[in-house]
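The sequence and the model are shown first.

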Amino acid sequence: MGALDEGHFCADLENGMKLDISDLGLEKKPETIAIEDAVKVLLQGLGEDVNREGLKKTPLRVAKALREGTRGYKQKVKDIVQGALFPEVGFHDGAGHAGGAGGLVIVRDLDLFSYCESCLLPFQVKCHVGYVPSGQRVVGLSKLSRVADIFAKRLQDPQRLADEVCSALHHGIKPAGVAVILQCFHIHFPNLESIFLDSKHQGWVKVLVSSGSGVFENENAVAWSDFLGLLKFRGVTVEKILIRDSTEQSWCPSYSSSGAKISPELVAPNPGMVAAVASILRSLGEDPLRKELVETPTHFVRWLMNFQNTNLEMKLNGFACGRTDLKRSREVCSHNNEQMHSELNLSFWSQCEHHLLPFHGVVHIGYFCPEGFNPIGKTLLQSIVHFYGFKLQVQERLTRQIAEMVSSILGGDIMVVVEANHTCMISRGIEKFGSNTATIAVLGRFSTDPAARAMFLQSIPNSTTSGIL
């Protein structure tokens with residue numbers, strides 16, 4: 001294999017990104033091992049076998065993802081900014097101008113992610129940073145992104161993230177002023193009980209926050225008008241920006257949903273699992289007793305228990321009753337007497353068993369039904385999707401399981417398409433924002449009839465799971 005030895009190559013494939021020597025050494029660090037041990041406790045608390053195929057390396061994968069996602073604790077702004085300040089004639093000591101064209105510099109649409117300090121789930125950030133140079137110097141534009149990323153790679157909430165980026169840039173480059181606006185998106189994961197009761201569940205919590213220094217310190221300053229004027233086509237207006245301190249505890253869904261109906265077993269989470277999450281916080285360099293983190297282990301465990309490995313198969317048995325006549329009819333019915341039916345955009349929520357990170361999207365189901373028989377109800381199909389979604393999963397298995405279950409009810413000729421956005425695609429080293437994964441399972445006639453497959457695929461609407469950013 002040339003310069004790339006087999007062991008290194010396997011490591012590249014395992015983690016989905018190229019690793020350097022320091023990454024490979026991460027496995028042996030005490031903090032990594034401590035997180036691995038804690039993750040094993042969490043998996044066992046879910047009733048899982050930590051030695052089963054698919055979970056054996058999950059503790060290490062989770063440890064690497066968390067350490068990668070919080071690497072900002074070990075980085076310093078001055079190491080990035082120093083050496084990146086360049087002289088530029090035309091900037092004066094005050095709020096200067098660049099050749100008479102105006103002094104405002106803005107870098108827009110920086111895609112970042114951070115871990116929510118209240119629940120440990122990643123949230124997405126669209127960051128816009130601007131500054132007015134002074135002292136006849138400007139900073140390399142890439143440094144604005146790198147400074148923002150340092151503070152994003154910590155346990156955060158939106159307002160503090162904006163304030164820390166603003167303060168760090170102001171002290172690091174000493175401009176006339178700095179402005180930061182963040183568009184933040186937090187996944188709002190339903191619990192297994194509420195999802196059946198709320199068919200219009202909103203999957204995201206969105207918030208817009210700002211922070212300013214120097215000429216931007218006053219929220220009514222003229223400088224803000226110029227800044228916002230360059231963001232108007234991105235849906236950013238002064239009316240939408242939250243007033244400071246107005247977020248309180250409403251930003252994270254773990255607080256806003258605290259009053260929702262919760263299963264009795266989720267009210268008092270497993271103390272061992274809560275202690276394991278506290279151990280993870282310590283291994284990341286945080287203090288679990290910090291005011292903002294005191295309830296975080298409990299919030300995370302309550303969310304994780306949605307995917308507890310329990311035997312719920314009996315809950316679906318009743319759905320198959322009364323459909324045996326349909327299966328018998330299909331056995332004597334020719335394809336010419338059958339009609340294609342489809343149920344599109346069935347929402348699903350699941351948890352990647354490789355990284356313990358959520359993925360979500362929509363499921364499309366196509367099937368043939370003899371004339372004279374009513375199509376299977378959407379409620380039943382949605383129940384099947386949720387049943388297999390609320391588990392530790394991989395998308396390929398989820399697709400196959402849904403197809404096999406629907407086939408067992410209808411007797412075959414099933415096609416299932418799953419479209420999903422995976423959090424692990426943004427919250428690890430690869431950071432592929434906006435990517436989407438589609439998987440297909442075909443049974444019966446769909447497996448041998450290209451025209452039937454094409455007909456079903458053409459019925460699927462475009463951009464059903466388009467990214468939020």
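A residue is called buried when its relative accessible area is under 20%, exposed when that area is over 50%, and partly exposed in between, with a 1.4 Å probe and protein chains only. By this criterion, 51% of the 469 residues of the protein chain count as buried. The model is predicted, so that local features need pLDDT of at least 70 and side-chain atom pairs count only at pLDDT 80 or more, while totals for chains, interfaces and linings use all residues. Residues are numbered from 1 along each chain as its sequence is written, and side-chain values use heavy atoms, with hydrogens and water left out.

The protein chain has 18 helices and 12 strands; helices (H or I, at least four residues) and strands (E, at least two) are DSSP runs numbered from the N terminus. Contact is taken as heavy atoms within 4.5 Å. Among contacts between residues at least 6 apart in sequence, 75% join residues at least 24 apart.

Two strands are said to pair if DSSP finds at least two bridges between them. Five strands form an open sheet in the order β5-β2-β3-β6-β7, and the pairing is mixed. Because β5 (155–156) and β7 (204–214) each have a single partner strand, they stand at the edges, and one side of each is left without a neighbour in the sheet. Helix α6 (residues 141–152) packs on this sheet and touches β2 (105–116), β3 (122–132) and β5; the direction of α6 makes about 20° with that of β2. The antiparallel pairing of β6 (residues 177–187) with β7 extends over 11 bridges, and Leu182 stands opposite Val209 of β7.

Axes are lines fitted to C-alpha atoms, for helices over the stretch in contact, and angles run from 0 to 180 degrees between N-to-C directions.

A crossing is left-handed if the near helix is turned anticlockwise from the far one by less than a right angle, and right-handed if clockwise. The crossing of α6 and α7 is right-handed, and that of α16 and α17 is right-handed.

In the second pair, the contact involves Leu380, Leu381, Ile384, Val385, Tyr388 and Gly389 of α16 together with Leu398, Gln401, Ile402, Met405, Val406 and Ile409 of α17. This contact comprises 10 nonpolar, two polar and no charged residues.

Gln382 is also found in α16. With 15% relative accessibility, Gln382 counts as buried. Beyond its neighbours within four places in sequence, Gln382 is in contact with Leu346 and Ser347.

**Covered elements**

Seven of the nine residues of helix α13 (residues 296–304) are buried, so this helix is largely enclosed by the rest of the structure. The buried residues are Thr296, Pro297, His299, Phe300, Val301, Trp303 and Leu304.

In strand β11, nine of nine residues are buried. In a regular strand the side chains alternate between the two faces of the sheet. Ile414, Val416, Val418, Ala420 and His422 are buried on one side of β11, and Met415, Val417, Glu419 and Asn421 are buried on the other. Strand β11 runs antiparallel to β9, joined by nine bridges, with Val363 opposite Val418. Seven bridges join β11 to β12 in the antiparallel sense, and Val416 has Ala441 of β12 as its bridge partner.

**Loop residues**

Phe433 lies in the loop between β11 (414–422) and β12 (437–443) and, at 21% relative accessibility, counts as partly exposed. Phe433 and Gln124 are 309 residues apart in sequence, with a C-alpha to C-alpha distance of 8.9 Å.

Most residues other than glycine have a negative phi. Leu356, in the loop between β8 (338–352) and β9 (357–370), has a positive phi near 55° and is buried at 5% relative accessibility. Lys174, in the loop between α7 and β6, has a positive phi near 50°.

Technical notes: Nonpolar A, V, L, I, M, F, W, Y, C, P; charged D, E, K, R; others polar.
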